[in-house]
Amino acid sequence: MKIPFVDLYQQYNNLKSELDAAIAEVITNSDFIRGKQMEPFEQEFAAAIGSKHCISCANGTDALYIAMRALGVGSGDEVMTTAHTWISTSETITQTGARVVFCDTDERTFNIDADGVKAKITDKTRGIIVVHLCGQPADVDRIRKLADEHGFWLIEDCAQSHLAELGGKTVGTYGDIATFSFYPGKNLGAMGDAGGIVTNRDDLAEWMTLFARHGGKGNHLIEGINSRMDGLQAAVLRVKLPHLQEWTRKRQEAAARYDELFADVDEIETPYVAAGRSHVYHLYMIKTANRDSLRQYLNEKEIPSVINYSYALPFYKAYEYLGHSPADFPRAYANQGKILSLPIFPEITREQQEYVVKCVKAGLASSRA
Ligand SMILES: *Cc1c(COP(=O)(O)O)cnc(C)c1O
């Protein structure tokens, strides 16, 4: 049985006539950069999140950089973030001139540990970027309170968490700014790179719109950068957005099916969901002690699996200069050798999942033998 990690072709095929027509219209109108689909998409996406503004941009990494520049971060400042995330979150902190301050994670949710955040606050702390990793909301309500008490800002990196909810509120509405990626494999994916930034604050929205487009057209009010979304991507995203809720429900159903199929497998720890939140399962990340031998077995059976990510960020060469040791981030360090993401996407079938689980069980048995 052939099982992809994410089945983008099937998603396209299910919406083929609508997508083809939307793409053809962009080409007919030569609407390649931004274009007529952009403003409607920005408004529709802001409404879907429950935020006032959405500013489109080139990708989710730029979204983080633009957000921090809008909040005035620069050299001499410190910005906290989680030790377990994709490097976009931390490399953009460095790009602003600020210093990255990593915080350890919760062992079971993989998200930043709010108690650990408190201990890392200094008089140079300007802000924090919280990531809702795998699609599970982090403790962003508690961190919002910390930010308000100590007078620093909060950015939510929602690249993996479109429509996830905490306490009945969509993530992306807790932060001063929230950033999204529409990379093809994300829960809402374009057909190339694309990103979005949401905020309720008019002043930040206005500044970010200028900054992402060379500081303004006609009159350059400031120096900016070039971070635009293609018209083709906006057209594709407008076709897909109305399906996002249904796709999210299907991901949750698929996750529940895996949970059930793994219920009698002691060696596998299935994703733990903390109270009061909806997990949107961008990733179905399990933990197991014999991860590397299991992965090798799955590779032989052509079952795709991914390690998100091979190391906690402080242990990559890029962050050697911070001089950290495993004892600084014991939980993120312990997880890095155990995590494994299994195929999940809205269209995955029960048969595909049963086959994945059968191979995982066989892989565990063969490493015991
Ligand atoms: C994908 C991702 C990004 C970056 O998005 P791009 O669109 O690929 O630049 C940022 N943060 C996290 C947590 C991501 O998963």
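Buried here means under 20% relative accessible area, and exposed means over 50%. Keep both cut-offs in mind while touring this predicted model.

**Stop 1: helix α2**

Select residues 16-28, which form helix α2. Check the length first.

Now show the side chains of L19, A22, I23 and V26 in α2, which are buried. Look down the axis: the four cover an arc of only 95 degrees, which means they sit on the same side of α2.

What covers the buried residues? Select α1 (8-14) and α9 (231-240); both are included in the cover over the buried residues of α2.

**Stop 2: helices α10 and α13**

Select residues 244-261 for α10 and residues 350-368 for α13. The two helices pack at an angle of about 35 degrees. Their axes lie 10 Å apart. The crossing of α10 and α13 is right-handed.

Next, show the side chains where they meet. From α10, pick A254, R257, Y258, E260 and L261. From α13, pick R350, Q353, E354, V356, V357 and K361, which those α10 residues meet. Colour this contact by class: five residues are nonpolar, one is polar and five are charged.

Definitions and conventions. Residues are numbered from 1 along each chain as its sequence is written. This is a predicted model: local features need pLDDT of at least 70, side-chain atom pairs count only at pLDDT 80 or more; totals for chains, interfaces and linings use all residues. Side-chain values use heavy atoms; hydrogens and water are left out. The expected span of a helix is 1.5 Å times one less than its number of residues. Buried means under 20% relative accessible area, exposed over 50%, partly exposed in between (1.4 Å probe, protein chains only). The arc is that of the directions from the helix axis to the C-beta atoms. Contact means heavy atoms within 4.5 Å. Axes are lines fitted to C-alpha atoms, for helices over the stretch in contact, and angles run from 0 to 180 degrees between N-to-C directions. A crossing is left-handed if the near helix is turned anticlockwise from the far one by less than a right angle, and right-handed if clockwise. Ala, Val, Leu, Ile, Met, Phe, Trp, Tyr, Cys and Pro count as nonpolar, Asp, Glu, Lys and Arg as charged, and the others, Gly among them, as polar.
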